[in-house]
Amino acid sequence: MTYYNPFQNLELRIAEAYREEVNRFCQTQPDALTKTSPDDSPFHRYVDLWFLAVCLGARKGKRTKIDKPHRFITGEILVNDSWRIELLEFVAISLTDDPWIIDKPREIMDLANELAATGLPDVLSMLTEGGGKPIWNLTDQLLDLFPPGELHEDRSADVSASQPGAEPVS
Amino acid sequence: MKFRRARFQNFRLLRDLELEFSVEEAQPLTIIRAENETGKTTILNALQWALFGEEALPDRGVQYRLHPIDWEDSSSPVDVSVELEFEHSYERKDRGGNWIESTEIYLARRSATESILGLDSWSRQPHTFELLQMSESGYTPISGGELLLRQILESNVKDLFFTDGDRALSFITSEISVGEKRRRVQKAIRDMLGFEMLESGITHVRNALRDIQHRAREFGGGGELERLFARKADIEGKIVEIEKRLEDIDDQLSQLAVDFQAVEQKIEAALAKGDKEQLIRLMNQKREERTKAREQLEKLRREHSSLFNRESLALFLLKDQVSKSGATLDELRAKGRIPRTAIPVLMERLELGICICGEPLEPGHPRHAHVMQLIQDQRAASATDDRLTTLRLVANQKLPGIADSSSGWRDGVRAVVDRRDELETRIRELETELKELEDRLEKLPETDIAFLRDQRRNLREARENLSREQGVRQSELRTLQQQRKEVDIDLATLQKRQGISRRLQSRLAAAEDILEVIRKSYAAIEQAEVPQVSKVMNELFLEMIRADPEQNAIIQAAEVTPSYDIAVHGPQTRRLDPDRDLNGASRRALTLAFILALADVSNVKAPNVIDTPLGMMDPLIKQSVLETAVGHCSQLILFLTRSEIRDCEEDLDRFAGRVITLTNSAHYPMMLCNDPGGSYRRVLRCECNHRQYCAVCERITDADAGYLKKRAD
């Protein structure tokens with residue numbers, strides 16, 4: 001069975017400037033001497049952090065150029081999570097208003113990398129702000145994006161809920 | 001039956017000696033290391049005397065002196081005694097047919113007083129015997145103790161359970177006639193089958209009658225009266241002495257009770273503060289629980305981490321983008337741009353050759369070429385259309401569920417968080433509990449419970465020892481009071497004895513009747529049992545000498561023939577003379593195999609006390625004899641010399657639950673290195689095992705013997 005992956009040979013990138021910091025929050029760190037705890041490194045792989053950055057960047061609808069990119073992997077990795085391919089295409093269609101952009105995977109990947117560059121500082125601040133371990137900071141801040149709920153109320157007391165584009169889901 | 005301990009006082013060379021025996025099932029062997037002339041045979045005789053009385057002594061005790069030959073004070077009588085503490089197990093079946101075993105502890109005590117009359121002459125008062133049973137309140141005398149002991153011993157098997165390595169050869173020695181050998185073998189088998197007990201009972205009754213008649217005749221002379229007065233004074237002196245000691249014992253027991261109570265209270269107090277062992281156990285439990293909780297937490301952390309990779313989170317974050325794209329694609333659909341369905345229509349028109357507008361579409365016509373171009377363009381765009389159609393479907397499918405899936409993500413987070421909170425709280429609680437336990441452990445006083453329990457055990461042991469002595473002294477007191485009473489009686493006593501004599505004769509008649517019945521049973525039982533003894537003896541013998549008939553060993557088999565010969569067969573069933581054709585080691589092995597086979601077949605469970613069984617044996621035979629003997633005895637007590645022990649130390653390491661070394665003080669300076677002091681000969685005991693020597697037992701060759709090491713004091 002073959003899978004649909006138009007991004008097979010395209011590069012996923014982050015800014016070189018963030019490389020070390022991103023590295024810190026991923027469990028599969030290259031050259032890691034010790035196994036890191038999920039509490040300190042909440043993301044399993046680079047691609048997981050990158051995709052969250054894409055989501056946050058897309059919510060802002062802002063592209064950020066990457067001066068010095070670090071090519072951490074190819075789009076081949078997306079085949080394991082085909083829903084990510086679909087979402088990247090939705091983001092591209094919605095931001096370009098051009099459905100036929102799906103014929104241009106390279107443009108979609110460029111868009112995704114630039115959206116990730118926008119969202120990456122937000123992800124990093126979500127991880128580090130809040131006074132807890134990165135996993136708790138991130139959990140709390142993501143929950144703040146959700147409509148008020150039991151857990152949300154419990155954990156939002158000291159955390160800012162001012163993420164841009166945060167809208168309640170009806 | 002198993003021996004627990006024995007105490008010998010003034011029994012020949014055994015001036016004051018105590019021995020303990022191993023009663024462990026896993027290590028049933030007790031080794032008493034003793035060189036020649038160190039009292040081994042004397043111990044055998046003393047133990048037999050304690051259990052079986054005068055009959056068990058050489059020449060039935062006639063002219064057999066009990067007191068030490070170098071007794072220093074000939075003016076006063078010598079009190080000789082042997083105490084033997086043993087346990088005996090009783091078995092019974094419950095209603096379900098299961099065997100229930102209970103074990104009792106007894107103390108057999110036989111004593112006698114001997115007066116030294118000259119250099120080579122002495123006289124012995126009739127011995128006294130008492131059997132005491134251990135209970136929670138101490139040692140209680142049992143009336144009819146000797147009879148109970150006989151029942152416990154099951155049969156008169158002293159020759160078999162107390163075996164002299166040399167004397168055992170009498171079953172096969174050529175020094176006696178064939179008839180005599182047969183008689184001995186037959187007797188041994190009959191003893192084990194239990195007949196001897198009845199026969200000896202009758203003999204005992206006859207002897208008792210003779211004794212009473214003899215004693216009756218003895219009364220009458222003035223000299224006798226004088227002797228009786230002196231005897232009475234002597235008895236009264238001893239009574240005073242014993243009563244004083246009993247008072248001391250009472251005092252000590254009272255003090256021990258107080259001490260015991262105090263230790264118990266300390267233990268209770270310490271337990272209230274916390275039992276150290278229990279605390280450690282509890283801490284280990286808590287640590288284990290903490291480890292498991294930490295493992296669970298680690299799994300939860302991974303689960304928590306995986307929440308950030310969930311599609312539901314991404315969908316929630318990108319719901320606006322997905323929604324907008326969905327609307328765009330719906331619009332395309334509404335405009336009919338997707339899916340593109342023109343190809344089948346155009347193809348149909350080409351086949352009909354007429355356009356929808358009615359114009360002809362014949363090949364070669366420019367309109368035909370135009371429609372062909374349209375079909376080609378449509379085909380190229382269909383992959384993109386398919387994808388857009390799929391995306392539209394996906395958007396329409398997922399959009400309505402975004403709210404649900406995002407709350408699903410939130411619920412997932414909540415569940416993980418709740419479980420993490422719960423676990424982390426528990427881990428913190430465990431940490432606190434562990435800290436508290438550690439603090440409690442640290443604060444426990446140095447005098448821990450284990451030490452107090454040791455103290456309590458020591459006090460209990462002291463109480464037991466004192467109770468035992470109390471029982472023995474009370475027994476002595478009763479004996480002396482009885483003796484005084486006997487001395488006090490006059491002719492009336494004689495009449496009474498005559499009455500007893502008549503009763504004994506009646507009993508004798510009854511016993512003779514019983515004997516007649518039993519004799520008729522002999523033949524039938526022997527016929528069944530002898531082949532069985534023969535079979536077991538053969539197996540044990542071949543095992544001991546490591547002879548395998550299938551490997552063409554010279555010795556092929558051994559048997560007890562129906563005529564009670566112990567026979568050995570070589571190749572082609574040729575008969576070998578055990579005494580002439582077997583070497584010394586095999587002869588010993590053969591007699592030991594015979595004895596063990598008798599015990600095995602009769603199922604009599606009693607200690608086997610064997611003197612120098614391993615003499616003349618090479619190392620391999622020694623080891624197999626030892627292993628076989630241990631495997632077939634419930635309790636094995638061996639008297640071994642250093643040379644017998646040599647080369648089987650490792651077997652002794654394995655099997656021996658207790659090792660004691662005995663030394664004859666008279667061996668200094670010829671054989672012993674150190675002066676044991678004292679002006680008389682005696683057997684000394686030390687705790688050296690079969691690999692050690694010390695200042696007490698060191699012989700002049702020990703230091704050079706590489707296999708012995710000096711024991712640290």
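The secondary structure of chain A amounts to six helices and two strands. This description, like everything that follows, refers to a predicted model. Along the sequence, the elements of chain A are arranged in the pattern β-α-α-β-α-α-α-α. Chain A has 170 residues, and buried residues make up 41% of them. Among the contacts in chain A with a separation of 6 or more, 65% come from residues 24 or more positions apart.

Two helices of chain A illustrate how its elements pack. Helix H3 (residues 82-96) of chain A meets helix H4 (residues 105-128) of chain A at an angle of about 90°, and their axes are 10 Å apart. H3(A) is therefore roughly perpendicular to H4(A), because angles of 65 to 115 degrees are placed in that class. On the H3(A) side, the residues concerned are A:Leu88, A:Glu89, A:Val91, A:Ala92 and A:Leu95; on the H4(A) side, they are A:Ile108, A:Leu111, A:Ala112 and A:Leu115. By class, the contact of H3(A) with H4(A) comprises eight nonpolar residues, no polar residue and one charged residue. The spacing of such positions can be read against helix geometry. An α-helix has 3.6 residues a turn, so residues three or four places apart point the same way.

Helix H5 (residues 134-144) of chain A is mostly covered, with eight of its 11 residues buried. The buried positions in H5(A) are A:Pro134, A:Ile135, A:Leu138, A:Thr139, A:Asp140, A:Gln141, A:Leu142 and A:Leu143.

Chain B has 713 residues, of which 30% count as buried. Its secondary structure consists of 19 helices and 18 strands. In chain B, residues 24 or more positions apart provide 74% of the contacts with a separation of 6 or more.

The axes of helix H16 (residues 584-602) of chain B and helix H17 (residues 619-631) of chain B cross at roughly 5° and come within 11 Å. H16(B) is thus roughly parallel to H17(B), because angles under 35 degrees fall in that category. H16(B) contributes B:Ala585, B:Ala589, B:Leu592 and B:Leu596 to the contact, while H17(B) contributes B:Ile621, B:Val625 and B:Ala629. The residues of the contact of H16(B) with H17(B) are seven nonpolar, no polar and no charged.

Strand pairing in chain B can be followed through strand E15. Strand E3 (residues 29-34) of chain B pairs with strand E15 (residues 656-664) of chain B in the parallel sense, over six bridges. Within this part of the chain, B:Thr30 stands opposite B:Arg658 in E15(B). E15(B) is also joined by four bridges to strand E16 (residues 683-686) of chain B, and these two strands run antiparallel. There, B:Thr663 has B:Leu684 in E16(B) as its bridge partner. In a regular strand the side chains alternate between the two faces of the sheet.

Further along chain B, B:Asp702 lies in the loop between strand E17 (692-693) and strand E18 (709-710) of chain B. With 19 other C-beta atoms within 10 Å, B:Asp702 is partly exposed, because a residue counts as buried at 20 or more such atoms. Leaving aside residues up to four places away in sequence, B:Asp702 touches B:Tyr693 and B:Leu708. The C-alpha atoms of B:Asp702 and B:Arg642 are separated by 9.5 Å, although the two residues are 60 residues apart along the chain.

The two chains also meet. In the interface, 32 residues of chain B are in contact with 35 residues of chain A. On the side of chain B that touches chain A, at least two residues each come from helix H7 (276-306), helix H8 (311-317), helix H9 (319-334), helix H11 (366-398) and helix H12 (402-443) of chain B. H9(B) gives the most to this side, with eight residues. By class, this side of chain B has 16 nonpolar, eight polar and eight charged residues.

Finally, the confidence scores qualify the reading. The model scores ipTM 0.87 and pTM 0.49. Chain B averages a pLDDT of 81, and 83% of its residues score at least 70. Over residues 215-223 of chain B, however, the pLDDT is below 50, and this stretch has seven contacts in the model beyond near neighbours in sequence. Where pLDDT is low, the predicted coordinates should not be read in detail.

Terms used: Residues numbered from 1 in each chain as written. Chains lettered and ligands numbered in written order. Predicted model: local features only at pLDDT ≥ 70, side-chain atom pairs only at ≥ 80, totals over all residues. Buried ≥ 20, exposed ≤ 12 C-beta atoms within 10 Å, placed from the backbone. Contact = placed C-beta atoms within 7 Å. Nonpolar A, V, L, I, M, F, W, Y, C, P; charged D, E, K, R; others polar. pLDDT = per-residue confidence, 0-100. Axes fitted to C-alpha atoms, helices over the stretch in contact; angles between N-to-C directions. Parallel < 35°, antiparallel > 145°, perpendicular 65-115°, else oblique. Pairing = 2+ DSSP bridges.
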